[in-house]
Amino acid sequence: MSEPLPDRGWLLVLAVGTALMAALPFVANDYLVGTGLTLLMWVALAQSWCVLSRLTGYVSLGHVVFYGLGAYLVVVTWQLVPLPLAILGAGLLAALFALAVGLPVLRVKGPYFVILTFGLAELVKYSIMAIESASGIASRILFGTPDLVRVYFAMFALAAAAILLLSWVSRSRFGHGLRSLRENELAAETLGVPVVRYKLLAFVLSAAIPGMVGAVMALRSTYFVVGQVFDPMISITVIAMAILGGGDNAKGPLLGVIFLTALSELLWAQAPLLYMIILGLVLVVFVLLVPDGLLGMFERRHSPTAARIGPSQ
Amino acid sequence: MKSSRMSRRSLVSGLFALAAMVAAAGAPAQADKPLRIGFSMARTGMLANATPSQLNTYELWKEQVNARGGMNVGGVKRKVEFVIYDDQSKPEQAVRIYEKLITDDKVDLLLAPWGTPFHIAIAPVVEKYKFPLVGNTAASVSLREVKPGYIWFTTSAIPDRIGVELTAFLKAQGVKSVVVLANVLPFTKEIKNFLEPELKKAGIDIKLSSEYPPDIKDMTAMLTQAKQANVDAVLALAYPGDSVLYAKQAKELGVNSPFQFIAIGPSDAFFPKAVGAASAEGVVTIAHWAPRPEWKGSQAFYDAYVKKFGEDPDFLNSALAWMSLEILEAAVAKNGLNKEKIRAMISTETFETINGKVKFNGVQNVITPTAFVQYQKGRLQIVWPASIATGRYEPKKGW
Amino acid sequence: MIDTLLSGQLLFSALVTGSLYALTALGLNLVYGTMRVLNVAHGDLVMLGAYAAFWAFTLWGISPLLAAPAVALIGAALGYAVYRGIFQRLLAAGAGHAGRIEGNSLLLFFGLSIIVQNAVALAFTPNNRAYAYLDEVVRIGSLSMTGNRIAALAIAGTTCIAVALFLRRSVIGLAMRAVIERREAAYVVGVDVDLVQLASFAIGFASAALAGVLMSMLEQFSPFSGFPFTIAGFIVIILGGLGNVMAGLLAALVLGVIETYGVALTSANLRSVLLYGCFVGALLLFPNGLFARRSVRA
């Protein structure tokens, strides 16, 4: 089901949310700002992931590779290159990487693609580890990183960009082309959809923002460990948030991010193992019983017509 | 249709309710009187099996302090309560946790997490809030670059000192040739970076130098070559995870050089249980503590730990943790919770600990020497340097 | 260097590694082949098997070799329970559910995996576990082999061969291969698909648990050790082509060889680079797996 115009409810929510998040650093303590930063990070990552994986159905389990590449660039050029340049460069690097490997990678389909993207992320991770240790580097520490508020607003910009990107793609002809190849790639091709070009474009678009996100987050933890920056859990969490959220437009993943971040905030501090178990339960319950995600639930309640026709899967 | 919609909604709200209940159950009781001490510890994730030695030590200390009526805060005794969070083996989580502890939970005192990356990650946080923190299980030359002010490191196992001391130790035993195997994780990689130039300077021949990733599952190729090199000493710069693998495969392949050094792992009680007492016998590792009559409280600490946990403390990490607690205790007893006074005292005074005297110059502990211990008849003995030795080095007689 | 390469030592090592990969991948392949679900929790079954053997040994002194068949049986029982308790109900609820499971099996099993790992961590603490058993070294010529590694190779190897023969010779095995190849057609010719799926779950879980028992003799493990096994399993079955059990066994050995000899030729540091490099390279060249049959469903 296509949406030619953004509905007013959604715009209102976005406006309020934006105002809240923009005001946060001025009213809240550092810990809450940190939480807000984490939320914005996941928004940026989840939205950009959906540009490829929700619209085309090519589920990528290797989203973290862009994140890691971006972080690595910043760390390597630390204090050699002005920071804004490094961050933009990180996005560029990730996009170029996607461009370079996109064509062969996107020839692979289904579960093969899922595990391939995972393997690709791990390959890049271990390659960088080998390069680092071959150059004799034991660890990388960044001294003198910008303060929390600057990092926060950088991430704010990235999250906004990601939402705009996914919204635009989702409504555009490009996006509909992507959806058509999700339904049946062969048929779409016969109908004249430039399938290969579209897939590649979606892949490259989905890479740039995570690259910059990784770059910004590198400033947050100051201690750079390759294994932790290329953490597969990041890829998995992104997928979980998108699926819990449901839908293939910008609304769904946003819901998923907010839901999981809220759940995490309630629990990670008090009972981390229990939090993980509840997270697991949430995943299982949602996959089995709430397949359209939170967005599906929401739409069913508020627009029964849409529910009968079926939410835009 | 309606019932399944309802049940779906109620299921989701049910999950949230469950989460909220768990959160409420775990929330600390509001009380002014207990002294709240906060820290993060990796309870899940990659490092989860390395942290118990430190957490146990903290718990033992809390038990002892509370049995005495509480911690001495400027003359007033207050019962100690811990506020612990799991950093999931992620330094950036530790940053958030310490921000939370300071600004949200508003704890009275802080203790250190486990591991170098975590100490370095939280250094800017304690600096920003001017909250003194005595570090322990951190060792990196980059520690010296941390701005001195609100964090100190009790450890003496800094990689460049290790390079120098280990080389001296090897020379004293007449070692002429070595094999160096290094895990690429920061600490061991750093040791390798400093060790190899020292070995070359001392004229010791490095017949083989090999690196491996932390998740290695099979060392056959590497160890076959090591065996063929037939050297006097094999220096396995390993972490706890691969230390056991190394010992088992060295045994299988018969890598029988008389001097066997494993950087981290053997100081933990887990090691001899995992590889067997015979294999553990004679292994040399990094630690600068053992119960010694000259060090007040060292035997008492050892006995108390064994009594409570049924196994030996980690001679490196548990000792460091205890030392940091002793220093904090002394500073708080004298200055109460005045952070500036605590900071001034820790920066300038000399403290008595279970490891002898400790004094900080900048962030570093300048008194405790870099030392090595060896498993002898099931117990770890300090074998280098002679000034604090509790035993004499014996070559290892096979695995 | 050459004599290292030609030595039996590396070959032995490659076989041990390869046989454990094969055993792990076996169950994964059977479950995927018959039910088209990606069991991401497979490695956690291996972990559970390891814990079972560990407790049997440290609490009651039962040798892991004796515990192995018992643990495998418990694994099979667990597979039976999971199938009857969860999957059968879901499949009966209608085609909608089945499609959903297949599409989201990754996330579903990942959720289960998280629950299992953390429940075990809660119950048994996250600490590393290990024990020393059969660690006397047997020397034949220049070849040194630790007893437990010989045992692991023997048991894993025999089990894989047994299951392979079972698939080739027995009636149920034939039925399984039919379901793997083309499920709807199998229904039509009267194959009891339900029984086949049940059997594949049982054998799948049992072989994973067995791999865990063997693994526990050789290395340390913790509640979070399962994931690397899952990954290794996936690499193997994808290289061999999903559902192609025989090719999977071969791919496992190839992987063991690449790992061992590749490392010997280059450096231990490059082990994962080689592994993932070969995996990514192979998949990019052969998008349906190295041994893909033309009739594989995408």
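In this predicted model, B:Lys273 and B:Glu311 pair through their side chains in a salt bridge, with N and O 2.9 Å apart. Side chains of opposite charge can pair when their charged atoms come close. Between domain 1 of chain B and domain 2 of chain B, the count is 1 salt bridge.

**The two domains of chain B**

The domain assignment divides chain B into domain 1 (31-157 + 295-365) and domain 2 (159-286 + 371-388). Their C-alpha centres are 29 Å apart. The contact involves 16 residues from domain 1 of chain B and 16 residues from domain 2 of chain B.

The size of an interface is often given as the accessible area lost when the parts come together. For the two domains of chain B this area is about 1,500 Å², and carbon and sulfur atoms give 59% of it. On the side of domain 1 of chain B, the residues that lose the most area to domain 2 of chain B are B:Val141, B:Ala157 and B:Phe315, which together make up 29% of what that side buries. Between the two domains of chain B there are also 5 residue pairs in polar contact. The touching side of domain 1 of chain B consists of 8 nonpolar, 4 polar and 4 charged residues.

**Chain A against chain B**

In the contact of chain A with chain B, 45 residues of chain A meet 48 residues of chain B. The two chains bury about 4,300 Å² between them, with 67% of it on carbon and sulfur atoms. Three residues, A:Tyr31, A:Tyr223 and A:Trp268, supply 15% of the area that chain A buries against chain B, more than any other three residues.

The interface of chain A and chain B has 4 salt bridges. One of the salt bridges in the model joins A:Glu265 to B:Arg96, with the closest N and O atoms 3.5 Å apart. There are also 9 residue pairs in polar contact between chain A and chain B. Among the elements of chain A that give two or more residues to the side touching chain B are α2 (30-56), α9 (195-221) and α14 (293-302). Helix α13 of chain A gives the most to that side, with 8 residues. By class, the side of chain A that touches chain B has 28 nonpolar, 11 polar and 6 charged residues.

**Chain C against chain B**

Chain C puts 36 residues into its contact with chain B, and chain B puts in 33 residues. The area buried between these chains is about 2,600 Å², and carbon and sulfur atoms give 49% of it. In chain C, the residues C:Gln220, C:Ala268 and C:Asn269 lose the most area to chain B, together 19% of what that side buries.

Between chain C and chain B the count is 2 salt bridges. B:Asp218 and C:Arg149 meet through their side chains in a salt bridge, N to O 3.8 Å. The interface of chain C and chain B also has 8 residue pairs in polar contact. The elements of chain C that give two or more residues to the side touching chain B include β1 (137-140), β2 (143-146) and α12 (271-285). Of the elements on that side, α2 of chain C gives the most, with 5 residues. The side of chain C that touches chain B divides into 15 nonpolar, 14 polar and 7 charged residues.

**Salt bridges within chains**

Over all chains the structure holds 30 salt bridges.

| Residues | N to O distance |
|---|---|
| A:Lys125 and A:Glu122 | 3.3 Å |
| A:Asp248 and A:Arg182 | 3.1 Å |
| B:Glu211 and B:Lys192 | 2.9 Å |

A:Lys125 and A:Glu122 both belong to helix α5 (residues 110-134) of chain A and are 3 residues apart, about one turn of the helix. Both A:Lys125 and A:Glu122 are buried.

A:Asp248 lies in the loop between α11 (232-245) and α12 (251-267) of chain A, while A:Arg182 lies in helix α7 (residues 173-183) of chain A, so their pair ties together parts that are 66 residues apart in sequence. A:Asp248 is buried, with a relative accessible area of 0%.

In chain B, B:Glu211 is in strand β9 (residues 205-212) and B:Lys192 is in helix α6 (residues 186-201), so this pair ties together parts that are 19 residues apart in sequence. B:Glu211 is buried at a relative accessible area of 11%, and B:Lys192 counts as buried at 10% relative accessibility.

In chain A, salt bridges that share partners join A:Arg179, A:Arg182, A:Glu183 and A:Asp248 into one network.

How values were computed. Residues numbered from 1 in each chain as written. Chains lettered and ligands numbered in written order. Predicted model: local features only at pLDDT ≥ 70, side-chain atom pairs only at ≥ 80, totals over all residues. Heavy atoms only, no water. Domains from an automatic or database assignment. Contact = heavy atoms within 4.5 Å. Buried area = accessible area lost by both parts, 1.4 Å probe. Polar contact = N/O pair within 3.5 Å; in protein donor to acceptor, adjacent residues only side chain to side chain. Nonpolar A, V, L, I, M, F, W, Y, C, P; charged D, E, K, R; others polar. Helix = DSSP H or I, 4+ residues; strand = E, 2+ residues; numbered from the N terminus. Buried < 20%, exposed > 50% of the residue type's maximum accessible area, 1.4 Å probe, protein only.
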